[in-house]
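Visitor: I would like to go through this model and hear what stands behind each label.
Guide: Then ask about the labels one at a time.

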Amino acid sequence: MNRSRVVKRTRGWTRHTPRSRVWARLQGSGFVGRGHLPSARPEALGAAHRESKTFGVAMPTVNLNRDELMRRLGKEYTEEEFDELCFEFGIELDEVTSEKQIKDKFLGESGATGAGGDDAEDEEIYKIDIPANRYDLLCMEGISRALNVFRGVEPSPVFRMLEPANGAPRQRMIQKPETLLVRPFVVCAVLRGVKFDKARYDSFIDLQDKLHQNICRKRTLVAIGTHDLGTIQGPFSYEAHPPEDIKFTPLKQTREFNAAELMEHYKSDQKLKHFLHIIEGSVVFPVIYDANRTVLSLPPIINGAHSAISLDTTDVFIECTATDLNKAKIVLNTVVTMFSEYSAAKFSVEPVDVVDSSGAERAYPDFMTRFVDVDPEYVRKRIGVTETDIDTKAMAALLCRMQLPTKIDDTRGGTLRVEVPPTRSDILHPCDVAEDVAIAYGYNNINKEKVGPNVTTVGAQQPLNNFSDLVRQEMAAQGFAEVLTWILCSHDDNFANVSRADDGKLAAIVANPSSQDVQVARSSLLQGVLKAMGTNKDAPVPAKLFEVGDVVLLDESRDVGARNSRRLLVLYSNTTSGFEVVHGALDRVMLVTGAAKPGVDAGYTLDTSMDEATYFPGRQAAIVRDGRRIGVMGVVHPTVLGKFDIVNPCSVLELDLEPLVDIDM
């Protein structure tokens, strides 16, 4: 293996995508955002994406015609030179192939012989791995534009709204209230004077497929519909009706179907059958009509044949229906910013007025241009350079190469004022800005001696994790069995089922949960262990369970608005409550951690004035150390036990372990 490839593999671990960092932060310190989690995990990538050998995570792969790419770059690169350019930009040239080789691979030799002799099949194809959150790099237009800006041969594009010509009114989309039952959001835009050829048309369709597989989560979150505006007439309406009442001729069909028939018809379709489940169980199906009641689309399944775009289309009407408005806006922004370069007025988009179900009117696309203020010194510390290496002016210039126009705000001590364009939805935090500075500066230009300590170090467990393992060993030695439960749970399990009220100040709520079981990041270990106990209620008694794990608590003093707290929960269940058993477990933990001094100090005091509905009155107490409440123990109230289908009494101890970690043993 040559050295450059080794460096490339190594750097795969250095360049984490911002979304991956968000997920790492979700695991490590609670969540990102104040009071709400982002989507439960990074966007699912689907069949069109594969496992990347470089990064070890699934990444989209984009196939680009080499000749067309070089034409757009305005320079002929050798494979090695282009490979190095990709490396410098933070993407990877994974494979060089051809149309014929691709057909041979997926169809077999016989499948490719029908078009033998076609010169197009011998054209070189570059397969490029793209970070999963860089939606602007999922097509030829986005990659070539980004590389040209990175190389300094063209400026970052400026996108603008352009009103309809000759004082004509804007197109309108009117949303009916019944759509809230199935897909509650719709956003739209118009591209005027577009000039398609086969390559542009294919790229336009391929970008939609890539987005559907990536951020759209296989159309569950967002579905894109594109239409020839010359064949339809506004205003448009977004409605929902019983499937038998929706009749139209779908794309690539010659006869009319109603929606119920269409669902049956597509159950044998190798592509569309995977999307039927999204609306199949709904009482009403979403549908978009024009002013003449012509069906444009049955989202998220299929468009109508009447408004299908072709190479002759010049005016394109784009609609995105969604269950997540933010992602719908990102998707719409991506489509129009990538292909507005073919509009009659370059990089211009005609807005569409969307009237939502409540009657509120808003124009889309919402380009979502925003500003991030970044301290240059923060960036230098993050990437390991000094002001001598990158001064503030040079840093601003580097960010401009990454399509992040940046100015220096002298009124705020030289802070960088970074403009985040609609193409860069991946910029979530100043650390993402620091990453782009590092890419533009060049990872290989960073002085390794300045980044790492000039000492020999030995790896070891984090003190809290090592302490937690010791506590686990101690609990196992006492005869308790360990359980591991999910950090995400339902809202009812976190609150109502344990007789706790949600005051909005305790738990981190998942903004877009995939199911009722993952609505909240747990603020206690109790509900998870009770659920495990209820599931195993037929197990012989006494049952002795424990869990050591993190809970997530809102904390405005943290930059992410929340923090993790490591806790121990001990549960004892028998025909009698066994309160003395969990009390004994508490004494033992305090003793082995050094918090207690035998015969002198128990290491804690009990506050028996506690009165929580979770526990039986008079059989509960708060655990206090150094004037701070660090835990609670008590007999679980029968009402709570009933919620989890537990038949025997239970006593529990829940203890915050972090105050005990630094005790001198």
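**Strands, helices and cores**

Visitor: What makes strand β9 count as mostly covered?
Guide: Six of the seven residues of β9 (residues 185–191) are buried, so the strand is mostly covered. Buried stands for a relative accessible area under 20%. The model is a predicted one.

Visitor: How do you know that β9 is paired with β17?
Guide: Pairing takes at least two bridges. Seven bridges join β9 to β17, and the two strands run antiparallel, so they count as paired. F185 stands opposite A322 in β17.

Visitor: And what makes β9 and β18 a pair?
Guide: β9 and strand β18 (residues 348–355) have two bridges, in the antiparallel sense. The requirement is at least two, so the pair qualifies. In one of them, A189 has P351 of β18 as its bridge partner.

Visitor: How many helices and strands does the protein have, and what percentage of its residues is buried?
Guide: The secondary structure comes to 21 helices and 32 strands. Buried residues make up 51% of the 665 residues. Of the contacts with a separation of 6 or more, 71% are between residues 24 or more positions apart.

Visitor: What is the span of helix α8 set against?
Guide: Helix α8 (residues 198–213) has 16 residues and reaches 23 Å from its first C-alpha to its last. At 1.5 Å a residue, 22 Å is expected, and the value is close to that. At the start of α8, a side-chain oxygen of D197 comes to within 3.2 Å of the backbone nitrogen of A199. The cut-off for a polar contact is 3.5 Å, so this distance falls inside it.

Visitor: Which residues of α8 are buried, and what do they pack against?
Guide: The buried residues are S203, F204, L207, Q208, K210, L211, H212 and Q213. They pack against β4 (61–65), α7 (140–151), β10 (222–228), β17 (316–322) and α11 (325–339).

Visitor: Which residues have the most contacts inside the largest nonpolar core?
Guide: They are F82, I128, M173, L211 and F317, in a core of 94 residues. The largest share of this core, eight residues, comes from α11. Not counting residues up to four places away in sequence, L211 touches Y135, L138, C216, I224, V331, T334 and V335. Apart from this core lies another, of 26 residues, among them L568, M590, Y604 and L657.

Visitor: Why is S468 called buried?
Guide: S468 has 0% relative accessibility, and the limit is under 20%, so the residue counts as buried. S468 lies in helix α16 (residues 463–477).

Visitor: What makes the approach of S468 and R566 a polar contact?
Guide: Their side chains are joined at 2.8 Å, and the cut-off is 3.5 Å, so the distance meets it. S468 touches V548 and R566, not counting residues up to four places away in sequence.

Visitor: Why is D626 called exposed?
Guide: D626 has 73% relative accessibility, and exposed means over 50%, so the word applies. D626 is in the loop between β30 and β31, with a positive phi near 55°.

Visitor: Why is K252 called exposed?
Guide: K252 has 79% relative accessibility, and the limit is over 50%, so K252 is exposed. K252 lies in the loop between β12 (247–248) and β13 (257–258) and has a positive phi of about 65° although it is not a glycine. Most residues other than glycine have a negative phi.

Visitor: Which value goes with the cis peptide bond from P299 to P300?
Guide: Its omega is near 0°. P300 is in the loop between β15 (295–298) and β16 (302–303). A cis peptide bond also joins Y364 and P365, with omega about 10°.

Methods. Residues numbered from 1 in each chain as written. Predicted model: local features only at pLDDT ≥ 70, side-chain atom pairs only at ≥ 80, totals over all residues. Heavy atoms only, no water. Helix = DSSP H or I, 4+ residues; strand = E, 2+ residues; numbered from the N terminus. Expected span 1.5 Å × (residues − 1). Buried < 20%, exposed > 50% of the residue type's maximum accessible area, 1.4 Å probe, protein only. Contact = heavy atoms within 4.5 Å. Polar contact = N/O pair within 3.5 Å; in protein donor to acceptor, adjacent residues only side chain to side chain. Core = buried A, V, L, I, M, F, W, Y, C linked by side-chain atoms within 4.5 Å.
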